[in-house]
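This report goes through selected parts of one protein model, sheet by sheet and then space by space. Please keep the sequence and the structure at hand while reading.

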Amino acid sequence: MKNSIHYRFSRLFFLFTVLGCCSVFAQEDNPKNIVEQYQNYAEDAREVVYMHLNKSAYIKGETIGFTAYVLDKKDKKPSKVTTNLYVSIEDENKNVIKEKLIKVEDGISSNSIAVDKAFGSGFYTIKAYTNWMRNFNEQNYFVESIKIIDPKEEKSIVTETVKNAIDAQFLPEGGHLLNGVVNNVGVVLKDYKGYGVPSVKGKVHDQNNTLITEFEVNDLGIGKFPLLAETGSSYTVSFTYLNKDYSFKINAPVEPIGVTLSLVKHRNKAIVALMTNEESLNLIKGKPYQMTIHNGDNIDVTDVVFNDELTIMKAFELNNVAPGVNILTLFNDKNEPVIERLFFNYNGIDIISSDKLSATKVNDSISMKLNFKQIDPSVANNISVSVLPQETESYSRHHNILSYTYLQPYVNGVIENAKYYFTEITAKKKVELDNLLVTQGWSSYDWNTIFNESVLRYPFEQGITLRANINAETKAVRDTYMVHAVNDQDAQFFDVDNSDADNSFVVENVFVNEEDKVHLSKLNRKNELEPARLYLQSFPNKVPSFQTNDNFIKPKWDYNTFAGLKNVAGSFVNMNKTEELDEVLITTKAGRKELKTRELSKGRTGRIHVVDEDDVIQFQTLADFLVFRAAMTKRTVNGTTTIQTFSGGVPLIFVDDMRVLDRNIVDNLPLVYVDYVEVDRRDISRTSNSSGGIIKIYTDFKNRPSNNVKRTQDYKLPLAFSAKKKFYVPNYGYYDDDFFKGYGTIDWKPELSVDNIGNVTVKIKQPQIPVTLFIEGIANDGSFIFEEKAISLN
């Protein structure tokens, strides 16, 4: 084991000062097993997921729109490996109402969930997680409470009258009140709903009613006060709230023996004081203690020995520690964690803001442009925007992308309005966040789990894995099976030795949508396709249950009646017909093309490319169509045009299943006469030995080969990926009444990106009232975007 000052992950510069006497910080060649155990635990890759929801309150019949951001937990960059993300919604009894599997690409995915007849009025929990996240105790998954309102059940949107009840907690910094030492005590004041009690001023008295100190909590009910605690004394906190007097005992015992910790920030340094008393010093003098600092990735350890001093100070530069939450832990001579303190480092967090917002009217629409000069357009970026009325009451979310990425995964407690600490950051907010972390106690990294090696039970998933089991009665020595092309994946074929004891083959990384089936065929002796007759298994085959901690707080509502709903049913047009939205898709041009492609793909070995009206307008010839739609290349020599693959292979050309030797046909045949094209790059059907495969052109519907002969075994997967669907904005009867201003939806844009000069364009239907844009996103491979922009467009 290397000396701690030479660890590859050690970046801290420590300045040690002893108050009153010298202290010894011994550096051992072998700092026991703390670092090694931690590294073994932390080496497994972790990701965090955050969902930008378009709202926090929905009227039944609306649609929940969301963009999921899956990030590497260590470097906070978009995940390049995760593809499978589970999303579920549970009611207050933990019954699953909706669940789906969505595909993640380069750390981004968007989708929607209809608030249909399965929902009634009440609070629901929406979750997002991967199978791999189920292996860890930390809250790397996403969980949030949303409100659903059914106008038929609720005649008005009313919250309960405030109950004059308060939950008060007084939590010593580091977890201990030590006799004869000035301890910092964190304060948490909450009402009966779990929301912070704002701006209360309190007093601390001892058992003789002597005033010891005073304090004031912030708007979220968080505060702190110093206390010189003594054994044999008791302490009481008193304050007045809403004309009622309250008095609470500080229940934490004053311990006669031990060590405590205090952390303060000064300029760009964090200074830690380790404190003990005379009684304790006689017991711990000369014993090897260790202090670690980690952020879920890197760790540093320093051995601490108390000699004759009661206080040891340690300071380090914030520029040299990890951005976000850092976890300080003190271990005793038995390697038992005795004190833990979390602190937050704002340095190194890159936040991007837009420079200006402009708007232009285009017919009955408004085109808004956000300019982000700091975004590099050459690096992948994604921006999601929820457009709501400026007076909205339906966006009461507690987190944004930064608080959920840098803060929530590291704490065990519930954080109200966590985004407050990352919006328009000031020195005051930094102090308030530090006070909050005093009250959080132990981090989500449980040392008992770290020291006890655990087995990773849940595998990392990428796509769906198919296991095709072959009928044992087959008589052929070898068989060739084909899995037909689906979506953007090429067809695959497998040569199977039936003498193999396993008698099966596996297809990995399959991405099948819920609307699709897997089609399998076997090549018979005539090289013709016939149904495969396989027993197929798929993994995963259901959404895994994930019993998460209830580390969330419900959206906060004003304690007053907001708006009557008695007229909502009449003004809310077609809001309860979300089931019909899927049917609308098939009446669209793109929807019809997709359905036609699926139908024609059945029993085919190649990829089907359907020609529609837009293609005829865009591409004059078949050659141009093949270049842009089928990823081929075009080469013209002496007036003869040849279509090639990128590797230079020249495919054979068939028109209506007849071989054509004149290759100029691809340049001379007008696209208007083409119905569809099948491109079989690898000639899976083995019609020829062409290195470029085969291109089959079908010129008219009546010439299409009959599909009456069954050539495939069709398999509907028990679990498949949810296809992206267009987000539909509800139709409202009125667009300027109180109901719409408070709970209406104007638009949702889940996946936007900047152009080459850093502009993001948001186009919406012309609203009748001022709007607010709730903007979140990622850019520059590690930068974050979150802001609210208000604009009046009349």
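The model is predicted. One of its open sheets is formed by 3 strands in the order β10-β12-β15, and the pairing is antiparallel. Two of these strands, β10 (166-172) and β15 (222-228), stand at the edges; each has a single partner strand, so one side of each is left without a neighbour in the sheet. From one strand to the next, the twist averages 25°.

Between β10 and strand β12 (residues 182-191), which run antiparallel, there are 7 bridges.

## A sheet of four strands

Another open sheet has 4 strands, in the order β14-β13-β16-β17, again with antiparallel pairing. Its edge strands are β14 (211-216) and β17 (244-249), and each of them pairs on one side only. On average, neighbouring strands of this sheet are turned by 20° against each other, with direction ignored.

Inside this order, strand β13 (residues 201-206) pairs with strand β16 (residues 235-241) in the antiparallel sense, over 5 bridges. Here His 205 stands opposite Thr 236 in β16. As background, strands of a sheet pair through backbone hydrogen bonds, either parallel or antiparallel.

Is strand β5 (residues 84-90) mostly covered or mostly open? It is mostly covered, as 7 of its 7 residues are buried. In a regular strand the side chains alternate between the two faces of the sheet. Both faces of β5 are covered: on one side Asn 84, Tyr 86, Ser 88 and Glu 90 are buried, and on the other Leu 85, Val 87 and Ile 89 are buried too. Buried here stands for under 20% relative accessible area.

Strand β5 runs antiparallel to two strands described here. With strand β6 (residues 96-103) it is joined by 7 bridges, and Ile 89 has Lys 98 in β6 as its bridge partner. The hairpin of β5 and β6 has 5 residues between the strands, and in it Lys 94 takes a positive phi near 65°. With strand β8 (residues 122-129), β5 is joined by 5 bridges, and these strands run antiparallel. Tyr 86 stands opposite Tyr 129 in β8.

## The hairpin of β27 and β28

Strand β27 (residues 357-362) pairs with strand β28 (residues 365-371) in the antiparallel sense over 6 bridges. Leu 357 stands opposite Leu 370 in β28. This hairpin has 2 residues between the strands, and Asn 363 takes a positive phi near 55°.

Ala 359 lies in strand β27. How exposed is Ala 359? Its relative accessible area is 40%; buried means under 20% and exposed over 50%, so a residue in between is called partly exposed. Leaving aside neighbours within four places in sequence, Ala 359 is in contact with Ile 366, Ser 367, Met 368, Ile 791 and Leu 793. Ala 359 and Ser 792 are 433 residues apart in sequence, while their C-alpha atoms are 9.6 Å apart in space.

## The largest pocket

The largest pocket holds about 1,200 Å³ of space. It is lined by 40 residues, and the closest to its centre are Asn 487, Asn 513, Asp 516, Glu 594 and Arg 598. The elements that give two or more residues to this lining are β7 (108-114), α7 (581-586), α8 (589-601), β38 (607-610) and α10 (622-629).

Which element gives the largest share of the lining? It is α8, with 8 residues. By class, the lining of the largest pocket divides into 13 nonpolar, 11 polar and 16 charged residues.

## The cavities

The count comes to 5 cavities of 30 Å³ or more. The second largest cavity has a volume of about 100 Å³. It is lined by 13 residues, and the closest to its centre are Val 143, His 398, His 399, Phe 552 and Ile 553.

Strand β9 (residues 142-149) gives the most to this lining, with 3 residues. By class, the lining of the second largest cavity has 6 nonpolar, 6 polar and 1 charged residues.

Methods:
Residues are numbered from 1 along each chain as its sequence is written. This is a predicted model: local features need pLDDT of at least 70, side-chain atom pairs count only at pLDDT 80 or more; totals for chains, interfaces and linings use all residues. Side-chain values use heavy atoms; hydrogens and water are left out. On a 1 Å grid over the protein atoms alone, a cavity is a set of points where a 1.4 Å probe fits but cannot get out, and a pocket is an open set with protein on both sides within 12 Å along at least five of seven lines; lining residues have an atom within 4 Å of a point. Grid points are joined across faces, edges and corners, and a volume is the space filled by probe spheres set on the points. Ala, Val, Leu, Ile, Met, Phe, Trp, Tyr, Cys and Pro count as nonpolar, Asp, Glu, Lys and Arg as charged, and the others, Gly among them, as polar. Two strands pair if DSSP finds at least two bridges between them. Axes are lines fitted to C-alpha atoms, for helices over the stretch in contact, and angles run from 0 to 180 degrees between N-to-C directions. Buried means under 20% relative accessible area, exposed over 50%, partly exposed in between (1.4 Å probe, protein chains only). Contact means heavy atoms within 4.5 Å.
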